[in-house]
Amino acid sequence: MSSAMYNEMWHQTQEALNSLLDKESQKMVEPNRNQVFIFHMLATFYVKYVQIFRNLENVYDQIVHPQKRILIRKILDGVMGRILELKNEMVELELTEFHYFDDILQDLKLAPRLSIKTISLEQAVKLIQIAERARQGRLRALFMKQIFLQEFRARQAKLIGEKMADVGAAALRIQKVWRGFHQSKKTERERQEEMVFLGMDPPPLLNEVSAAIVQAERVTGLRDELQIKHEEDYKTALDTIKSQLQLIEGADIKENLRDQIRHWILECRNLTGAFPEYPKAEEGGSAIIFSNKTPQQVIQDIIANQEEEEKRRKEKKKEKKPVKKVKEKKVPKEKSKEEDEPWKMSPSAFLQTMEEGNNTYKEIWKNKDESLNFLQNYDPEMIKEEKRKELESEIRVQVDELMRQELKNIKLAVNREKELPVKEGKKKGGKNKNKGKKGRRGKDKDLTADRTIESLYKELVEEGLLVQTLKVNLSDYIGEYSYLGATLRRVSIEPMPSLLDVRQLIALYGVLPLGSAEVHQNAPLVKSLLLAGPSGVGKKMLVHAICSETGANLFNLSAENIAGKYPGKSGLQMMIHVVLKVARQLQPSVVWIGDTEKTFYKKVPNAERMNEPKRLKKHLPKILKLLKPNDRVLIVGTTRRPFDAEIQSFCRVYQKIILVPRPDYASRYVLWQQIIQRHGGVITSALNISCLAKVTDGFTQGHIVRVVRSVLTDRRLRQQQQKPLIAMEFIGALSTMDPVYQEEEDSFKNWYAKTPMGKKRALALMGGNTGTAKDKGQKKGKKEKKKKK
């Protein structure tokens, strides 16, 4: 696609965002009590924002214009943050981390993958033709089989009474056998071509990289280089254009500002009879006087401010103490009203960002003629406008200092006023502030103030606490969506999440916040995450995927890894301090605690007492309190035996708990297919993937990977052309492994039901559909507080 096509794609996406912002502003005003309606509204917004996010992500990746990319990134951060806010609203509403949008996707005519790709009429007709030809082929094959059996029986009957004739008859028979063999090979080849044509078998060159893909990769590399070049040119232009403006327009800007301020001083003197007070630098200086206002409006504001100050002085004299009692009486009434209020959406921290970005797009880019900017380089006029404002603000600071002194001189000369001495009260206040700062510093002492970050980083690497991240993408976590989630919930059956449902949560709670400082600072804050599931389901892989996708550092604070390191209380305090200091300085960072149930053991096994697995138990809550929204640090725990831990302290540390299940049939089918291909295997009609997926019920991704590696040796890969892969080869290797039985999966479900979110979900289901789950959770929390009191 050319840059013009991606520009058009951006314009269409902005139009979609504009209409969605209008709809959301309308819906936020309308209160509602129906939980089903509320969830449908939230889920619809969520799906549409995901569509816009994917479009903007694609546009941001493809467009090379540096100023456009800055604006798109701003809007993209806003969309990402809004997605997280809507997700948080749905969690509070349904009291579950997993949501299913089957009905909504059908209403919006979207695929379950929330894909925005559409197919043409010709492709749709071709798909229907393939399905119809396949149906006709099956019927024809059955009919031909019956005819063949009839002819075969007739031939066999004739051959019984016949005897061998002369040599000519023998030669004729040999010819028939040879022609039959030759024709059977030809028929088999034609049948394979027909199966490929019908779409029932993969094409022979499926695993080979086409020339189009090679060309696309080459173009991607060139586009990345062009983006970097344009970005560097833009940064250079920022400095050069500013310096040019300072030389050419700097003196004029300074003189104009001084003239404006002098005019304002004289006008105020003529109208009020006294010289005005010059605005302080902390308030913005003279900028607050002339912000989008005419001189007459400025003067009117000054007069109005003076009148307001006089009114306030009179009101302060009339104020009495009984006013406080009236306020106290109103408090319980307000509380009772809040309890009866219908559900309302929480205020958003990102809607304003998106609206600002959308308005900037409308003002600058929507109708901008770029026919002359074929190379999509930076726009110098936009830089001039931006730098002119920046230069004006810098010059204004200098002018303010001069004009303050000039105003003082005018006052002395005209009114003969003496300058009042500066009160010392402010200095005292300053001393108190410094004392407060010293007190705070005392609490958060820097134990390594004399050391550099590089030396601390090196120490953590040598101690094995800062480990290298495996290069794993989130897309490498293979699986399939759950297509019956909403249907099962309608009949009061809680579905087990699918692998891609888990992957989606990792993207929302791990990748998006850590990948953007703006999103992490303003979105619902998730400081800690727990991945619970049986061995081999990819928990560790997901931790490494978060780090790979965001470029985060990985700190390993597992009980086994910290055993014997930094001994004693002071050593433990130093370890936590160093890890947090480096994690904050080199953010984003992920602190991984593997087998985290050991940190919260109910009873420490005798064999592990020497390792002190519970060293971090008391310190983890303190670490969470220290983490602020501007610290892009995520604590991730993984566990295969959560039942061994004290559930209260466990759930107090981990804010979000995600169950990672064993793969279902759909996920196993995709796993077998992709893992075999990734290890060099060729899938043919001889390999029954469906059979493998059915037989491996209960086996995890780890089992499947180990089986494929054991079967697909170098020797076996070379033999594939003569001896295609079959299912029995893999089934033999599976017989030596133990699957995850249903009882183990049920034990994870039962454990999750005891967590705070699990309990709330159970109560909401038992309470029926009256009211929203969010309100029930709030009322329950209030009752519990009253009982404690």
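These legends accompany an overview and several close-up views of a predicted model.

Residues are numbered from 1 along each chain as its sequence is written. Because the model is predicted, local features need pLDDT of at least 70 and side-chain atom pairs count only at pLDDT 80 or more, while totals for chains, interfaces and linings use all residues; side-chain values use heavy atoms, with hydrogens and water left out.

**Figure 1. The whole chain, before we zoom in.** The chain has 29 helices and six strands (DSSP runs numbered from the N terminus: helices are H or I with at least four residues, strands are E with at least two). Of its 789 residues, 38% count as buried (buried is under 20% relative accessible area, exposed over 50% and partly exposed in between, with a 1.4 Å probe and protein chains only). Among contacts between residues at least 6 apart in sequence, 83% join residues at least 24 apart (contact means heavy atoms within 4.5 Å).

**Figure 2. The six-stranded sheet.** Follow the strands across this open sheet in the order β1-β3-β4-β5-β2-β6, with mixed pairing (two strands pair if DSSP finds at least two bridges between them). The edges are β1 (466–467) and β6 (656–659), each of which pairs on one side only.

Figure 3. Strand β2 (residues 528–532) runs parallel to β5 and is joined to it by five bridges; Ser-528 is partnered with Ile-635. Strand β4 (residues 589–594) also pairs with β5 in the parallel sense, over six bridges, and Gly-594 has Thr-638 as its partner.

**Figure 4. His-520 and its surroundings.** His-520 sits in helix α16 (residues 517–522) and is buried, because its relative accessible area is 5%. A polar atom of the His-520 side chain lies 2.6 Å from the backbone oxygen of Pro-629 (a polar contact is a pair of N or O atoms within 3.5 Å; within protein, one must be able to donate a hydrogen and the other to accept it, and residues adjacent in sequence count only if both atoms are side-chain atoms). Leaving aside neighbours within four places in sequence, the residues in contact with His-520 include Pro-513, Leu-525, Asp-631 and Val-633.

**Figure 5. Gln-720 in its loop.** Look for Gln-720 between α25 (714–718) and α26 (727–734). Gln-720 is buried, since its relative accessible area is 11%. Its side chain reaches two backbone oxygens: that of Gly-680 at 3.2 Å and that of Leu-717 at 3.3 Å. Not counting residues up to four places away in sequence, Gln-720 touches Gly-680, Gly-681, Val-682 and Leu-725.
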